[in-house]
Amino acid sequence: MIGRLRGTLLSKQPPALLVEVGGVGYEVEAPMSTIYDLPGIGQEVILLTHHAVKEDSVALYGFLREGERVLFRNLLKVSGIGAKIALAVLSGVSTEHFARLVQAGDVVALTKIPGIGKKTAERIVVELRDRVEGMATNLPGASGMPAGAPLDAAGEATVALQQLGYKPVEVTRLVQKVAADGDSAETIIRKALRAALGT
């Protein structure tokens, strides 16, 4: 199993990253909370990873912080939640804020995250309430400055938001609403997620 990668960041097209380690390029999917804080292209990066092996696929997920990986793995244990939804959770809220929502039993707020309906939100509260204890105060959040501005920031943000589960029409509306001249894709995504989640 692959638990950690240390190498050169070759590309980042949210949520996909390409990291070269010893001449081998690893394709990694990461939440926006990690992508916000990545170094620039060509620089060294260290990622904690979750290696998922299924009958028909193999995938690698990367995180800058252990708290994010812990929450990602806990989310995968909840019935009805796969990797895509788990990444959307980490992309939309910090581990700290998510823990607070779960501990408070705030089902309404949880359903604002793409892919999470009322029943799934209720399962999250029941199954994760004990597991997130301590996250609300001890784990770092998902704040950070975006690194570098891609050539087509709005387009990249649009693709990333759709991959996180938002509908194309909703993505277009969000991007048009929050995007400003000079914004990087990460900045637009962050603004759009905040607008969508009401945070």
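Are Phe-63 and Phe-72 buried or exposed? Both Phe-63 and Phe-72 are buried (under 20% relative accessible area; exposed is over 50%, partly exposed lies in between, with a 1.4 Å probe and protein chains only).

This is a predicted model, in which local features need pLDDT of at least 70, side-chain atom pairs count only at pLDDT 80 or more, and totals for chains, interfaces and linings use all residues. Residues are numbered from 1 along each chain as its sequence is written, and side-chain values use heavy atoms, with hydrogens and water left out.

**Figure 1. Overview of the protein.**
The protein has 10 helices and five strands. Helices (H or I, at least four residues) and strands (E, at least two) are DSSP runs, numbered from the N terminus. Of the 199 residues, 47% are buried. Take the contacts (heavy atoms within 4.5 Å) with a separation of 6 or more: 63% of them come from residues 24 or more positions apart.

**Figure 2. An aromatic cluster of Tyr-61, Phe-63 and Phe-72.**
The structure holds two aromatic pairs. Rings of Phe, Tyr and Trp (its six-membered ring) pair if their centres lie within 6.5 Å; planes under 30 degrees apart count as stacked, over 60 as edge-to-face and the rest as tilted. The ring centres of Tyr-61 and Phe-72 are 5.1 Å apart and the planes stand at 40°, so this pair is tilted. It links distant parts of the chain: Tyr-61 lies in strand β5 (residues 58-63) and Phe-72 in helix α2 (residues 66-76), 11 residues apart. Tyr-61 and Phe-72 are buried. Phe-63 and Phe-72 also have ring centres 5.1 Å apart, with planes at 50°, so that pair is tilted.

**Figure 3. A charge over a ring.**
The charged end of Arg-190 sits over the ring of Tyr-36. The distance to the ring centre is 4.1 Å. A charge sits over a ring if NZ of Lys or CZ of Arg is within 6 Å of the ring centre and within 35 degrees of the ring normal.

**Figure 4. Helix α9 against helix α10.**
The axes of α9 (residues 168-178) and α10 (residues 185-197) come within 9 Å and cross at roughly 110°. Axes are lines fitted to C-alpha atoms, for helices over the stretch in contact, and angles run from 0 to 180 degrees between N-to-C directions. The angle makes α9 roughly perpendicular to α10. Angles under 35 degrees count as roughly parallel, over 145 as roughly antiparallel, 65 to 115 as roughly perpendicular and the rest as oblique. α9 passes α10 in a right-handed crossing. A crossing is right-handed if the near helix is turned clockwise from the far one by less than a right angle, and left-handed if anticlockwise. From α9, Leu-174, Val-175 and Val-178 make the contact. From α10 come Ile-188, Lys-191, Ala-192, Ala-195 and Ala-196.

**Figure 5. Helix α8 and what covers it.**
In α8 (residues 153-163), the buried residues include Ala-153, Glu-156, Ala-157 and Leu-161. Their cover includes β1 (4-13), α9 and α10. α8 and α10 pack at about 50°, with axes 8 Å apart. These two helices are therefore oblique to each other. Their crossing is right-handed. Residues of α8 including Ala-154, Ala-157 and Ala-160 meet residues of α10 including Ala-185, Ile-189 and Leu-193.

**Figure 6. Two backbone details.**
Just after α8, Gly-165 takes a positive phi of about 115°. A cis peptide bond joins Pro-14 and Pro-15, with omega about 5°. Pro-15 is found in the loop between β1 and β2 (16-21). Most residues other than glycine have a negative phi, and most peptide bonds are trans.

**Figure 7. Arg-73 and its surroundings.**
Arg-73 is found in helix α2. Arg-73 is partly exposed, with a relative accessible area of 33%. Leaving aside neighbours within four places in sequence, Arg-73 is in contact with Thr-49 and His-50. Arg-73 and Ala-83 are 10 residues apart in sequence; their C-alpha atoms are 9.0 Å apart.

Arg-100 is found in helix α4 (residues 95-104). Arg-100 is partly exposed, at 45% relative accessible area. Arg-129 is 29 residues away in sequence, and 9.4 Å from Arg-100, C-alpha to C-alpha. Gly-198 is found in the segment after α10. Gly-198 is exposed, at 60% relative accessible area. Gly-198 and Lys-112 are 86 residues apart along the chain, with 8.4 Å between their C-alpha atoms.
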